[in-house]
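Hello,

Here is the structure I promised to pass on. Please have a look at it, and below it you will find my notes on what turned up.

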Amino acid sequence: MAAQIYKSLYFHIEVNDKETNLGNSVVLALRSNRKQDYGMVHYALEEKFTELLNLDFDSALILGLEIYNIANNLDNDRLYKKANFKIGKNRLEICSDYSRYDYDNSNGPSSYMGKIMDVIRENLSSSATSSKAIYQIRKLMPELRHAMAWRRLIQILWMFPEKTKLISYQLLTKKEIYLFDETLYEVGELIKAVWPYLTYDKKEKVEKIVVSLLSNNEFADKPHIIINRVNQIINCISSEQAITEEAKKILAENEKIPNEPLVYEGNMLADVSYASR
């Protein structure tokens, strides 16, 4: 109910421009109109959104992402690429359009993603609410589309590797997550953080998934890109901790490529020696 009221207020368009006054001063009368006055409602609602998330996360999440997407619409004319994959029964999607919404404004539609991530991060930081945070992450993932939003979620996962090790493992065994410039660095950092918490078998599977990228058809015409990409990720695992012979061979026979962001701000490619495309 609270989310429905919030939505009605947020998306209401006030068309009445009847003049309004603040105070009764004859000398300095402050005049406005109903349309201008209603504009302040959005600011007030944004200030209360975190409370709504804590009251009814599921409904608030859908509403917050709907508002967020107003400012960050994935226009197919600008879409660089997208990929679909599954974790369990959930169908997930990641899209890249090299927009600049990875750094949200403190208010406005773009601020809603930051507020959602902040609630999850805060819940993960406490043992009393960490299980709630895992639930929230699993609710969020099927609703995410923007690669930059995925990037921010992965950053949260690596901050709490012991608590998020299952979700992290599930992501790391999906080839698609390694193919986006926006997420490659974050995935490498996630591997570094979560590696001590994975079993031998799980480490082996992750390594095999990464090495299998070498046969990915997307980079068939530019094989150096995927070679460098695989090298960068495998080098997030030390030679002492590598499991498979393929990973050990990559570490032994290739120049080490440091794990650095390929994209550092929106549509700006990072200044690194190993170009992504």
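Let me start with A242, which sits in the loop between α10 (223–234) and α11 (245–253). Helices here are DSSP runs of H or I with at least four residues, strands are runs of E with at least two, and both are numbered from the N terminus. With a relative accessibility of 6%, A242 counts as buried; buried means under 20% relative accessible area, exposed over 50%, and partly exposed in between, using a 1.4 Å probe and protein chains only. Setting aside residues up to four places away in sequence, A242 touches E207, I237, A247, K248 and L251, where contact means heavy atoms within 4.5 Å. E207 is 35 residues from A242 along the chain, yet their C-alpha atoms are separated by 8.1 Å.

Before going further, a word on the source: this is a predicted model, in which local features need pLDDT of at least 70 and side-chain atom pairs count only at pLDDT 80 or more, while totals for chains, interfaces and linings use all residues. Residues are numbered from 1 along each chain as its sequence is written, and side-chain values use heavy atoms, with hydrogens and water left out.

How confident is the predictor? The mean pLDDT of the protein chain is 84, and 78% of its residues reach 70 or more; pLDDT is the predictor's confidence in each residue, from 0 to 100. Where pLDDT is low, the predicted coordinates should not be read in detail.

Now the overall picture. The protein chain has 11 helices and six strands, and 46% of its 277 residues count as buried. Of the contacts between residues at least 6 apart in sequence, 67% join residues at least 24 apart.

Beyond residues up to four places away in sequence, I234 touches V210, V211, A247, I250 and L251. V206 lies 28 residues from I234 in sequence, with 9.9 Å between their C-alpha atoms.

In α7, the buried residues are I167, S168, Y169, L171 and L172. Their cover includes β3 (81–87), α5 (130–140), α6 (147–159), α8 (181–194) and α9 (200–212). Within α8 you will find T183, which is buried at a relative accessible area of 0%. Leaving out neighbours within four places in sequence, T183 is in contact with I94, A147, W150, R151, I154 and I177.

One helix pair deserves a look too. The axes of α3 (residues 57–71) and α4 (residues 111–124) come within 8 Å and cross at roughly 150 degrees. Axes are lines fitted to C-alpha atoms, for helices over the stretch in contact, and angles run from 0 to 180 degrees between N-to-C directions. The two helices are therefore roughly antiparallel, since angles over 145 degrees count as roughly antiparallel, under 35 as roughly parallel, 65 to 115 as roughly perpendicular and the rest as oblique. From α3, F57, L61, G64, L65, I67 and Y68 meet Y112, M113, I116 and I120 of α4. These contact residues divide into nine nonpolar, one polar and no charged; Ala, Val, Leu, Ile, Met, Phe, Trp, Tyr, Cys and Pro count as nonpolar, Asp, Glu, Lys and Arg as charged, and the others, Gly among them, as polar.

Finally, the cysteines: C95 is buried at 0% relative accessibility, and C236 is buried at 9%. The whole structure has zero disulfides, a disulfide being a pair of cysteine sulfur atoms within 2.5 Å.

Best wishes
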